[in-house]
Amino acid sequence: MHEDESGGAHGAVGQMTPSGADQEFLALERELTVLLRRARANQGEMAREVHPDLESSAYGLLIRLDELGGQRATALAGYIGVGKATMSRQLRALEDLGLIAREPDPADGRAWLVTLTDEGRHRVGTVREARRGRYVRQLAHWDRHEVAELARLLHELNGVMAK
């Protein structure tokens with residue numbers, strides 16, 4: 001066994017704990033827990049940077065709209081994993097803040113698409129650019145291939161977790 005930089009002990013590959021869990025999966029659980037805790041805190045900070053009254057949970061909706069453009073509320077609810085009532089409340093709050101607008105879906109006049117307003121697009125873009133800058137500074141000592149490999153592995157993990 002050896003200690004990592006944070007003082008945690010790691011066993012040999014494939015070594016089982018007394019409970020029967022592989023050390024690798026315990027290490028994965030520990031590191032994902034830390035990552036997710038930090039991500040939640042960062043999401044709250046980024047939401048406040050977009051707008052001081054923006055709920056942390058609504059930040060992900062803005063990112064989704066920034067990346068994909070107009071989306072139906074039902075698609076957003078499915079992506080985020082919330083019900084219609086919760087989605088409706090979040091969208092109403094975002095609309096009240098002037099960050100999103102609803103417009104008729106050109107493919108189906110009975111449906112509506114949620115889109116970022118120009119102000120919403122500007123605010124989200126500013127915050128995302130600042131976040132990317134932080135990643136670049138924090139990972140400047142990493143090889144670009146390592147960054148790409150981490151992104152690939154996280155993408156793969158997200159795909160598996162979505163199933």
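**Chat over a predicted model**

Trainee: Hi! How many aromatic pairs does the structure hold?

Mentor: Zero aromatic pairs. Keep in mind that this is a predicted model.

Trainee: OK, and what lies over the face of tyrosine 79?

Mentor: That's arginine 64, at 3.6 Å from the ring centre.

Trainee: Switching to the overall fold, how many helices and strands does the chain have?

Mentor: There are six helices and four strands. Starting at the N terminus, the order is β-β-α-α-α-α-β-β-α-α.

Trainee: And how much of the chain is made up of buried residues?

Mentor: Buried residues account for 23% of the 163 residues.

Trainee: Which residues of H1 are buried?

Mentor: In H1 the buried ones are Gln23, Ala27, Gly44, Met46, Ala47 and Val50.

Trainee: What span should helix H1 have, and how far apart are its end C-alpha atoms?

Mentor: H1 covers residues 23–50, so at 1.5 Å a residue its 28 residues should span 40 Å. The end C-alpha atoms are 40 Å apart, which agrees.

Trainee: Nice. Now the surface: which residues make the nonpolar patch?

Mentor: Leu35, Trp142, Val147, Leu150 and Leu154 make a nonpolar surface patch of about 370 Å².

Trainee: Which helix gives the largest share of that patch?

Mentor: Helix H6, residues 144–161, contributes the largest share, with three residues. Valine 147 is in that helix, H6.

Trainee: Why does valine 147 count as partly exposed?

Mentor: Its relative accessible area is 32%. Partly exposed covers the range between buried, under 20%, and exposed, over 50%, so valine 147 at 32% is partly exposed.

Notes. Residues numbered from 1 in each chain as written. Predicted model: local features only at pLDDT ≥ 70, side-chain atom pairs only at ≥ 80, totals over all residues. Heavy atoms only, no water. Phe/Tyr/Trp six-rings, centres within 6.5 Å; stacked < 30°, edge-to-face > 60°. Lys NZ or Arg CZ within 6 Å of the ring centre and 35° of its normal. Patch = residues over 30% accessible without salt bridge, like charges linked within 9 Å, V, L, I, M, F, W, Y side chains within 5 Å. Areas by Shrake-Rupley, 256 points an atom, 1.4 Å probe, with all protein chains shown as cover. Salt bridge = Lys/Arg side-chain N within 4 Å of Asp/Glu carboxyl O. Helix = DSSP H or I, 4+ residues; strand = E, 2+ residues; numbered from the N terminus. Buried < 20%, exposed > 50% of the residue type's maximum accessible area, 1.4 Å probe, protein only. Expected span 1.5 Å × (residues − 1).
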